[in-house]
Amino acid sequence: MTPPELCKNPCFPSTPLLSRVQKLCQEFEYTDDDVRQCANEFVRELELGLHEMTASVCQIPTYVTRVATGQEKGIALGLDLGGTNLRVCSVELNGDSTFRVLQSQVPVPRDVMVSETSKGLFAFISERIRLFLEHHQLASNVTDMDPNHPFFALGFSFSFPAYQAGINSGILLRWTKGYDIPEVVNKDVCMLLQSEIDLLKLPVKVTAIVNDALGTIMSRAYTLSLAHTRPTIGAIFGTGTNGVYLQDLSEIAKPVDGLVDQSTGAMFMSTEWGSFDNKLSVLPVTRFDVELDTHTVNPGNQMFEKRTSGMFLGELLRLVILELYCDEDLQLFQRHHQHGLDLDPNIGLWHRWSVDASILSMAQADCSDGLENLRNKISSTFGIAFEGISAEDALAVKLIANAIGRRGARLAGTAVGSVIVQSGILRKPSIQSKDVSEVQSLVDIAIDGSVAEHYPGFENYMRDALKAIPQIGEIIESRISIGQAKDGSSVGAAIVALVVAQQTTTMSVRG
């Protein structure tokens with residue numbers, strides 16, 4: 001497939017605007033040498049997270065030690081709080097790699113995301129569970145599932161850094177993705193949720209707290225044939241970003257509280273890689289990255305996430321476009337003035353966090369001569385009348401958006417490649433003894449998230465970065481499977497709730 005950036009674009013003379021744009025694009029370049037330098041530091045921080053409790057890439061135990069096989073059966077609820085939306089679902093596993101899903105999704109109100117107390121968020125979630133059970137008439141049928149357990153097991157996909165002291169215990173370490181509820185920090189979110197569920201007298205028990213990336217692994221694994229390589233790495237690239245991978249227990253040097261199933265010899269670890277390189281020793285930095293970080297709720301933290309996730313990519317683009325617009329010599333959107341149109345001070349161009357990553361996807365996808373679709377998107381996103389946007393203006397936006405998106409995707413590939421290296425899977429005798437060119441799939445990676453799903457060429461850019469990592473290269477990269485697991489976090493959370501029940505007999509405490 002030809003990468004969208006190679007599509008034929010209108011030919012324009014070298015204007016001051018396009019000359020400046022080309023220089024700005026160079027600021028967002030992320031070369032193969034950059035990938036290698038970043039991957040080395042990434043592996044170092046991943047290793048540090050297995051030894052130290054306070055590492056920035058903190059490597060949180062998930063207490064899940066096995067991958068779904070597709071043969072599990074039962075019904076459970078899944079709850080996904082992944083960012084700007086809340087998803088509630090019921091999942092019926094049929095035991096043959098198929099399942100039936102009922103689900104609903106609602107946006108999380110801003111006054112719920114940012115609040116002084118925990119009541120607003122968890123009461124909101126519990127009420128949505130109640131409405132879901134009522135709408136699908138599920139509560140009255142709960143006793144039909146298992147007379148000995150007259151409640152729905154619920155897997156809670158909670159996509160924020162949380163320290164786990166057990167499969168159903170998660171202590172919030174810090175908020176990300178624009179949330180700011182101080183009272184919840186250092187509290188057990190499972191207990192807070194269960195308390196609100198109990199107040200409504202719902203037949204629901206929070207059985208497992210599940211990272212969204214782990215849910216994605218489970219969702220993909222359940223639908224694969226048993227002959228297929230099981231996914232052992234999951235990655236989310238949406239509103240936020242994180243990665244989970246299967247790590248040998250023998251390599252986890254720091255204390256792990258709670259009960260761990262020892263039978264598999266491995267456990268999924270949540271990297272919390274959004275906070276990789278908060279000191280900015282290897283991550284790329286432009287003045288726009290600095291400006292963006294300054295106006296976040298957590299300046300100086302989640303520096304990797306602020307270069308790769310959907311919540312921040314659109315804001316980066318807005319900052320660059322605003323700088324270009326404010327330089328009158330460049331004449332960006334000058335047709336606006338020629339048509340006698342004034343820019344409304346309330347439009348998106350002027351306001352922080354008003355632009356999401358969907359415009360980057362459109363910029364990457366539109367390869368038409370006049371970039372008409374992109375011009376429409378610019379108009380609706382930035383609040384500029386369509387007739388005020390020239391094809392040259394649209395090309396300027398496209399080039400900047402592509403540079404930001406490409407950098408983000410290559411950083412994503414660097415993170416995934418670093419986890420592959422750290423996991424030790426490439427050192428296993430079963431792989432080293434084979435000619436990798438003859439192996440169908442060495443590693444299977446499950447990915448989810450709006451950026452990964454909707455940004456054209458995202459996987460291709462990821463793979464380019466994978467090839468640049470010396471331990472991987474072109475041959476091994478060609479034997480890496482990457483599969484989308486759409487809405488995998490909510491479905492996967494329900495699957496984990498059922499899988500957990502099968503791993504309780506071989507558990508012990510690791511200290």
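This is a predicted model: local features need pLDDT of at least 70, side-chain atom pairs count only at pLDDT 80 or more; totals for chains, interfaces and linings use all residues.
Colleague: At what angle do helix H13 (residues 391–423) and helix H16 (residues 458–468) pack?

Modeller: Axes are lines fitted to C-alpha atoms, for helices over the stretch in contact, and angles run from 0 to 180 degrees between N-to-C directions. Here H13 and H16 pack at about 50 degrees, with their axes 7 Å apart; H13 and H16 are therefore oblique to each other, given that angles under 35 degrees count as roughly parallel, over 145 as roughly antiparallel, 65 to 115 as roughly perpendicular and the rest as oblique. Residues are numbered from 1 along each chain as its sequence is written, and side-chain values use heavy atoms, with hydrogens and water left out.

Colleague: Which residues in H13 meet H16?

Modeller: Contact means heavy atoms within 4.5 Å. Among them in H13 are Arg406, Ala409 and Ile420, and the residues they meet in H16 include Phe458 and Tyr461.

Colleague: What order do the strands of the open sheet have?

Modeller: Strands of a sheet pair through backbone hydrogen bonds, either parallel or antiparallel. The five strands here have the order E4-E3-E2-E5-E8, with mixed pairing, where two strands pair if DSSP finds at least two bridges between them. Strand E4 (99–107) and strand E8 (204–210) stand at the edges, each with a single partner strand, so one side of each lacks a neighbour in the sheet.

Colleague: In which sense do strand E3 (residues 85–94) and E4 pair?

Modeller: E3 and E4 pair in the antiparallel sense over nine bridges, and Cys89 stands opposite Gln103 in E4.

Terms used: Helices (H or I, at least four residues) and strands (E, at least two) are DSSP runs, numbered from the N terminus.
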